[in-house]
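Please look through the sequence and the structure shown below before reading the notes that follow. They are meant to be read side by side with the model, one topic at a time.

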Amino acid sequence: GKASFKGYAPIRQDFEDFFTRRIYYRIHDVFNCPVKGPPSAWMDIIERTPVNRQKPLMATGKIKRCLNLGSYNYLGFASSDPYCTPRVLDTLSQHGWSLCSSRADAGTTPVHEELERELASFLGKQAVLTCGMGFATNSVFLPVLAGPGTLVFSDALNHVSIVTGVRAAKGTVRVFDHNDPVHLEQLLRQAMLEGQPRTHRPWKKVIIVVEGIYSMEGEVVDLAGFVAVAKKYKAYIWLDEAHSIGAMGATGRGVCEHLGVSPADIDVLMGTFSKSFGACGGYVAANKDVIDYFMAQCPAHLHATAMTPPAVQMVLSALRLITGADGSDRGAHKLSQLRTNANYFRSRLLHMGFNVLGDWDSPVMPIMIFQLAKLSATSHEMLRLGVAVVVVGFPATPLLTSRMRVCISASHTRQDLDYALQLFDYVATKCDIRDPPLAASNL
Ligand code: PMP
């Protein structure tokens, strides 16, 4: 039945709630939806009309408390954290909301420098440069390296920020089959024979751009395969760790740690702060000369507003939790909880007959729906029952591979996950989206 949650309905929230990303709520008219679990696992969202290509998404004005399986709050830091929040508030009172200036002008505080130093040592790289936005870290920094005479190889399923970056580059761009180092090598071999005369390498440099975990596939990159090709052809590797930094690897150091590849073999480790770090912004980590080059040449470093100091402090505090520099094992516990939750959820989904993409340990789980026509009904039903998921269909995916994407967080409790699984089972039966024969081959 309906429930109302008195005492949980303030219109204006204090600072702490601002940091929990709950900007405005008035809980009412919640259908059959229990409120439980830590706020990081649950969220209040404004209901919208179903996706319709003729009309824009419209807010219905209703606000609903949902189990959050839709956003990338992998370690749960995006919500108020007893270690991070007081430090963020201190930084806010000391440096203000924004420096309203680029890093190269007046936008650098000691907190920015501390974060870049500590992140470089965490990642095993000489230097790090942060940027106000993860998307821009790909779309603006990549073209700086990929000037005329550069050949860029981009994975067919790379994120749109990478696609934007390589399209803006003055170099030549080629796309290889998703996560396929063998296809990449074929293209590279052909490319090395191009140009006249054939007495020297026809390209000034070659850059291979891949992601750590593909956000719509939940799949881990074949990093060892790409490193072998890169070494053979003296190419550079740009690795986007948006979904893997702080989420993969025993100590959260990303896919290099997870797969046993040395960070020294990756030329640029790129990542964002909008997932495991629970904030926003992005970074590149590389040798000092590469970072110096970015500082001199990158328009976003020179002319875009720097990460705001409270966001920098949030990332720094989350990083210290991950490394244990806060003096506790809370970060390590969150990392192992994320892995336990992700593998539990994936194995239960597979046993329930869903066709789930991706690899073990990956917190990103696309569940195939196949029939585009059922996408809207599925997402609507999930929302009605109080579970927020992301559904993706054509044109974002090929016509026949629509999917519902789930992201697991360390802050989900076992009850949260079981509650979601129960609803998935119900919705899958109601909307008839399960595909048992294919799912069996996944086990
Ligand atoms: N790279 C990848 C792989 C992403 O998935 C995203 C966004 N989800 C970005 C870059 C952009 O990061 P941000 O949202 O922090 O701007």
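Predicted model: local features only at pLDDT ≥ 70, side-chain atom pairs only at ≥ 80, totals over all residues.

Of the 443 residues of the chain, 48% count as buried. Among contacts between residues at least 6 apart in sequence, 70% join residues that are at least 24 apart.

**Domains**

- The domain assignment divides the chain into domain 1, made of 2-68 + 332-442, and domain 2, which covers 84-323.
- Where these domains touch, 17 residues from domain 1 and 15 residues from domain 2 take part in the contact.
- On the side of domain 1 that touches domain 2, the elements giving two or more residues are helix H1 (15-19), helix H13 (330-351) and strand S14 (364-368).
- Sorted by class, the residues on that side of domain 1 are ten nonpolar, three polar and four charged.

**The ligand and its surroundings**

- The ligand is surrounded by 15 residues, of which the closest are Gly134, Phe135, Ala242, Thr272 and Ser274.
- Helix H4 (residues 134-139) gives the most to this shell, with three residues.
- The shell around the ligand comprises nine polar, four nonpolar and two charged residues.

**Helix H7**

- Helix H7 (residues 181-192) has twelve residues and spans 16 Å from its first C-alpha to its last, which is close to the 16 Å expected at 1.5 Å a residue.
- Pro181, Leu184 and Leu188 are the residues to look for when tracing the buried side of H7, as each of them is buried.
- The packing partners of the buried residues of H7 are strand S6 (150-155), strand S7 (172-176), strand S8 (205-211) and helix H8 (223-232).

**Helix H10**

- In helix H10 (residues 288-297), the residues Val290, Ile291 and Phe294 are buried.
- Since their arc around the axis is only 95 degrees, these residues are on the same side of H10.
- Lys288, Asp289 and Ala296 are exposed, and they are carried by the face of H10 turned away from its buried side.
- The buried residues of H10 pack against strand S5 (127-131), helix H5 (141-145), strand S12 (268-272), strand S13 (282-286) and helix H11 (299-303).

**Two residues with a positive phi**

- Most residues other than glycine have a negative phi.
- Asp361 is not a glycine, yet its phi is positive, at about 75 degrees, and this residue is found in the loop between H13 and S14.
- Asp361 is partly exposed, with 17 other C-beta atoms within 10 Å.
- Asp432 likewise has a positive phi, of about 55 degrees, although it is not a glycine, and Asp432 is found in the loop between helix H15 (414-431) and helix H16 (436-442).
- Asp432 counts as exposed because it has 12 C-beta neighbours inside 10 Å, and a residue is exposed if 12 or fewer lie within that distance.

How values were computed: Residues numbered from 1 in each chain as written. Helix = DSSP H or I, 4+ residues; strand = E, 2+ residues; numbered from the N terminus. Expected span 1.5 Å × (residues − 1). Buried ≥ 20, exposed ≤ 12 C-beta atoms within 10 Å, placed from the backbone. Contact = placed C-beta atoms within 7 Å. Near = placed C-beta within 6 Å. Nonpolar A, V, L, I, M, F, W, Y, C, P; charged D, E, K, R; others polar. Arc of directions from axis to C-beta. Domains from an automatic or database assignment.
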